[in-house]
Amino acid sequence: MSQKKYHMATICPDCGIKNSPSHTQQWLESFLSDAHQKMLSPFTDLGTQYSSVIRQWAQRAWKIIAHAFARVGLFTLVDDQSDHPVFRTQMLAESAKKLGVQLHNIRTLGYPSNLFLANFDGKEIYFEGVPRPLDKPSAVKWMDDKHKVRSHLGNAGLPVPPGGSARTLEEALAIFRSIPKPVILKPRSNSGARHTTIGVENDQELQEAFQKVKQVSYSVEIQQEIPGFVHRALMVDGKLVAFARREYSNVKGDGTRTIQELHTEENKNPRRDKTLYYPLPPLDDPEAQQWLADQHLSAESIPSAGQVVRLCFKD
């Protein structure tokens, strides 16, 4: 079924206007994802044949749950994704339509989610985020779990930041006190940078950041913070097919103009049309002012040529 655009009564500053589903819904998604992984974990190391059978059984179970909850009104199955706040989902829906795939977003409490049912050629699958092959469980069982990703990459010999996963404040404090500062706290899976805190230096900041993450996630990932831009690589069948650098909101100095002038000019960029890129935050925004102060700058400062001036945490 289709559904009219959902109403957002408030916008959470820790979610952002681009990603603002209900906190309860996000926490429930996190809990269900954790339960899904725990249900499969005893079987995923039995070999490809057995783990594939278990995953197919789990598929049937989650499809039954989704339809049962929809019948009693706890879930709503929505096939129009034009109002979904995640741009990736809108693109996924467009591609699905071209291929003749009927895509349903499983919405809890009326809000868009990261859970889907897809129907094609008489078959139906359940998936989170993006569909993945059911016959390769070893390749997909941990890729959305930040704690497991860090563990697997480390075991493969790649450099990873120290850290751990916690469900209680006591566990979080123990991890925090054992790793270099500053640290970053974030939901363990599928957050889109929601409720993430960087630059945590002391116990009080850790407690505040922990409570912020727990609003939307069952588990909290705590890692040493590594400064710089985020780089993402897309692999398909073991081959690199795309590479992207994701920049936080910033302006780049040219040695002549003030930050205010650079800011005004950048917001004229036609790509900042609120589709994929949003306008830079106002320089009188408290977060932007704090970022400028931390860099010993103000709106009237003239950054040197090539200098990157950060304006907020999110892009």
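User: If two strands pair when DSSP finds at least two bridges between them, which residue in S4 is the bridge partner of Ala118?

Analyst: The bridge partner of Ala118 in S4 is Ile125, and S3 and S4 as a whole run antiparallel, joined by six bridges. Strands, like helices, are DSSP runs numbered from the N terminus, with at least two residues (E) for a strand and at least four (H or I) for a helix. This is a predicted model, in which local features need pLDDT of at least 70 and side-chain atom pairs count only at pLDDT 80 or more, whereas totals for chains, interfaces and linings use all residues. Residues are numbered from 1 along each chain as its sequence is written, and side-chain values use heavy atoms, with hydrogens and water left out.

User: And what sits in the turn between S3 and S4?

Analyst: S3 and S4 form a hairpin with two residues between them, and Asp121 in that turn has a positive phi of about 55 degrees. S2 and S3 also form a hairpin, with six residues between them, where Leu109 in the turn has a positive phi of about 60 degrees. Strand S2 (residues 102-108) is joined to S3 by four bridges, again antiparallel, and Asn105 has Phe116 as its bridge partner in S3.

User: What order do the strands take in that open sheet?

Analyst: The order is S1-S2-S3-S4, an open sheet of four strands with antiparallel pairing. From one strand to the next the twist averages 25 degrees, with angles taken from 0 to 180 degrees between N-to-C directions of lines fitted to C-alpha atoms, for helices over the stretch in contact.

User: Which helix packs on the sheet?

Analyst: Helix H3 does, touching S2, S3 and S4, and its direction makes about 145 degrees with that of S2. H3 covers residues 87-99 and includes Thr89.

User: Which residues is Thr89 in contact with?

Analyst: Once neighbours within four places in sequence are left aside, Thr89 is in contact (heavy atoms within 4.5 Å) with Gln81, His84 and Phe116. Thr89 is buried, with a relative accessible area of 1%, where buried means under 20%, exposed over 50% and partly exposed in between, using a 1.4 Å probe and protein chains only.

User: Switching to aromatics, how many pairs does a search of the whole structure find?

Analyst: The search finds four aromatic pairs. In one of them, the ring centres of Trp62 and Tyr126 are 5.9 Å apart and the planes are at 15 degrees, so this pair is stacked. Trp62 belongs to helix H2 (residues 48-71) and Tyr126 to strand S4 (residues 123-128), so the pair ties together parts that are 64 residues apart in sequence. Trp62 counts as buried at 11% relative accessibility, as does Tyr126 at 7%. Phe116 and Phe127 form another stacked pair, 5.2 Å centre to centre with 20 degrees between the planes, and this pair links strand S3 (residues 115-120) to S4 across 11 residues. For the cut-offs, rings of Phe, Tyr and Trp (its six-membered ring) pair if their centres lie within 6.5 Å, and planes under 30 degrees apart are stacked, over 60 edge-to-face and the rest tilted.

User: Buried or exposed, what does Phe116 count as?

Analyst: Phe116 counts as buried at 0% relative accessibility, and Phe127 counts as buried at 6%.

User: What sits over the ring of Phe176?

Analyst: The charged end of Lys181 does, 4.6 Å from the ring centre, and the charged end of Arg310 sits over the ring of Tyr248, 3.8 Å from its centre. The criterion is NZ of Lys or CZ of Arg within 6 Å of the ring centre and within 35 degrees of the ring normal.

Terms used. Pairing = 2+ DSSP bridges.
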